Amino acid sequence: MVHQKAKYIIFITIIFVIPWLFIPLLSAKPDLQGLHPFNYYMMLLPATGIIIGDVFTKKKTENKVQWIYISAFLIFTVLVFLWGIKVMEYDLLMHIENVLLCIFSLSLFLFCCLGEQKETPAYRGKNVLSAVGIFVLIEVITMLFSDFQLQALFQIIFVFIWSLVNAIITSAVMLYGEEYAWRGHLLGRFQRVFGKRTGVILLGLLWEFWHLPVFIIMYQSGEFDEMIGFSFGIFLLLRVLNTVSLAVFLGWAYTKTENLWCCILIHGINNGLTGSGAMASLVMDTVPPITLIRPVILMLFLFTKEYRKK
């Protein structure tokens with residue numbers, strides 16, 4: 001019980017307390033520069049919170065993946081802090097972070113491929129391809145209801161392919177950092193306590209709340225009102241709808257495949273193609289249809305067999 005309590009304290013401190021401590025340092029950054037390095041850092045925190053809690057209670061590291069996240073957490077914390085206090089320039093920080101992300105991502109992918117069968121990207125490969133294919137089909141359907149133009153087709157295909165490649169080469173350590181915690185550890189616990197459907201919805205709300213420091217930085221920068229044509233409150237509501245519905249689909253995909261890499265690929269495609277739905281509306285004067293249509297489609301997965309009571 002003592003060890004379990006310590007793990008909760010460590011997880012909450014790393015994932016929720018630390019990001020809020022950076023807000024005063026980053027809110028004054030010009031042109032929303034605070035979003036990019038901080039986003040990278042934030043995505044490492046969920047897995048890091050789980051891993052450091054495990055290492056603290058067991059007094060040892062068990063695999064190389066744990067070393068990757070402990071190392072990345074320490075290095076990125078120092079880098080973002082130095083940049084926040086204006087010791088390091090933005091361009092230098094981004095160059096260093098991008099190189100480190102490639103090194104950590106490729107290492108993570110390699111270690112997972114060489115690890116236990118359930119940790120490999122190919123585990124339950126047919127189910128993974130099916131889940132990823134369904135998500136891509138949903139993206140296409142939502143685009144048909146938006147201002148999609150045929151000449152943009154090749155650009156979308158390129159973004160889709162690059163999203164898959166990027167999910168392994170440069171973004172794996174960040175996407176795995178989220179999925180390892182939200183789907184790999186917390187989904188099952190929330191569903192055991194609250195039920196399958198209520199649990200995944202509550203987890204989606206917590207997942208979106210965790211993003212809040214990023215949007216506070218964006219709002220306090222003074223750039224928000226110039227970028228969109230509707231209120232910050234509506235923007236947050238759209239974010240909640242899209243994040244909770246994405247959590248429902250990712251929960252379905254993880255339950256169906258038991259493969260974190262399936263969620264990583266879907267998460268990467270989501271970020272690459274739509275920018276999390278509501279984020280795509282940042283340059284719009286009105287609420288784009290995609291931010292309302294896609295959540296409805298994704299929420300329908302609550303009625304699949306994966307969410308039925310046993």
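Contact means heavy atoms within 4.5 Å. This is a predicted model: local features need pLDDT of at least 70, side-chain atom pairs count only at pLDDT 80 or more, and totals for chains, interfaces and linings use all residues. Residues are numbered from 1 along each chain as its sequence is written, and side-chain values use heavy atoms, with hydrogens and water left out.

**Exercise 1. The overall fold**

Task: State how many helices and strands the protein chain has, and what share of its residues is buried.

Solution: 
- Step 1. Helices (H or I, at least four residues) and strands (E, at least two) are DSSP runs, numbered from the N terminus.
- Step 2. The protein chain has 13 helices and zero strands. Read from the N terminus, its elements run α-α-α-α-α-α-α-α-α-α-α-α-α.
- Step 3. Buried means under 20% relative accessible area, exposed over 50%, and partly exposed in between (1.4 Å probe, protein chains only). Of the 310 residues of the protein chain, 50% count as buried.
- Step 4. Take the contacts between residues at least 6 apart in sequence. Of these, 80% join residues at least 24 apart.

**Exercise 2. H5 against H11**

Task: Describe how helix H5 and helix H11 pack, and list the residues that meet.

Solution: 
- Step 1. Two packed helices are described by the angle between their axes and the distance between the axes. Axes are lines fitted to C-alpha atoms, for helices over the stretch in contact, and angles run from 0 to 180 degrees between N-to-C directions.
- Step 2. H5 spans residues 125-144 and H11 spans residues 232-257. Their axes lie 9 Å apart, at an angle of about 160 degrees.
- Step 3. That angle makes H5 roughly antiparallel to H11. The classes are: under 35 degrees roughly parallel, over 145 roughly antiparallel, 65 to 115 roughly perpendicular, and the rest oblique.
- Step 4. The crossing of H5 and H11 is right-handed. A crossing is right-handed if the near helix is turned clockwise from the far one by less than a right angle, and left-handed if anticlockwise.
- Step 5. H5 contributes Asn127, Val128, Ser130, Ala131, Ile134, Phe135 and Ile138. H11 contributes Leu246, Phe249, Trp252, Ala253, Lys256 and Thr257.
- Step 6. Sort the residues of this contact: nine are nonpolar, three polar and one charged. Here Ala, Val, Leu, Ile, Met, Phe, Trp, Tyr, Cys and Pro count as nonpolar, Asp, Glu, Lys and Arg as charged, and the others, Gly among them, as polar.

**Exercise 3. H7 against H8**

Task: Describe the packing of H7 and helix H8 in the terms of Exercise 2.

Solution: 
- Step 1. H8 covers residues 196-210. The axes of H7 and H8 come within 8 Å and cross at roughly 140 degrees.
- Step 2. This makes H7 oblique to H8. The crossing of H7 and H8 is right-handed.
- Step 3. Among the contact residues of H7 are Trp182, Leu186 and Phe190. Those of H8 include Val200, Leu203 and Trp207.
- Step 4. The residues of the H7 contact with H8 divide into eleven nonpolar, three polar and three charged.

**Exercise 4. Aromatic pairs**

Task: Classify the ring pair of Tyr176 and Tyr180, then the pair of Trp252 and Phe301.

Solution: 
- Step 1. Rings of Phe, Tyr and Trp (its six-membered ring) pair if their centres lie within 6.5 Å; planes under 30 degrees apart count as stacked, over 60 as edge-to-face and the rest as tilted.
- Step 2. The structure holds 16 aromatic pairs. In one of them, Tyr176 and Tyr180 are stacked, at 5.6 Å centre to centre with 25 degrees between the planes.
- Step 3. Both tyrosines lie in helix H7 (residues 172-194), four residues apart, about one turn of the helix. Tyr176 and Tyr180 are both buried.
- Step 4. Trp252 and Phe301 are tilted: 4.9 Å centre to centre, 55 degrees between the planes. This pair links distant parts of the chain, 49 residues apart: Trp252 is in helix H11, and Phe301 is in the segment after helix H13 (290-299).
- Step 5. Trp252 is buried, with a relative accessible area of 4%. Phe301 counts as buried at 13% relative accessibility.
- Step 6. Ring pairs also link Tyr69, Phe109, Tyr176, Tyr180 and Trp261 into a cluster.
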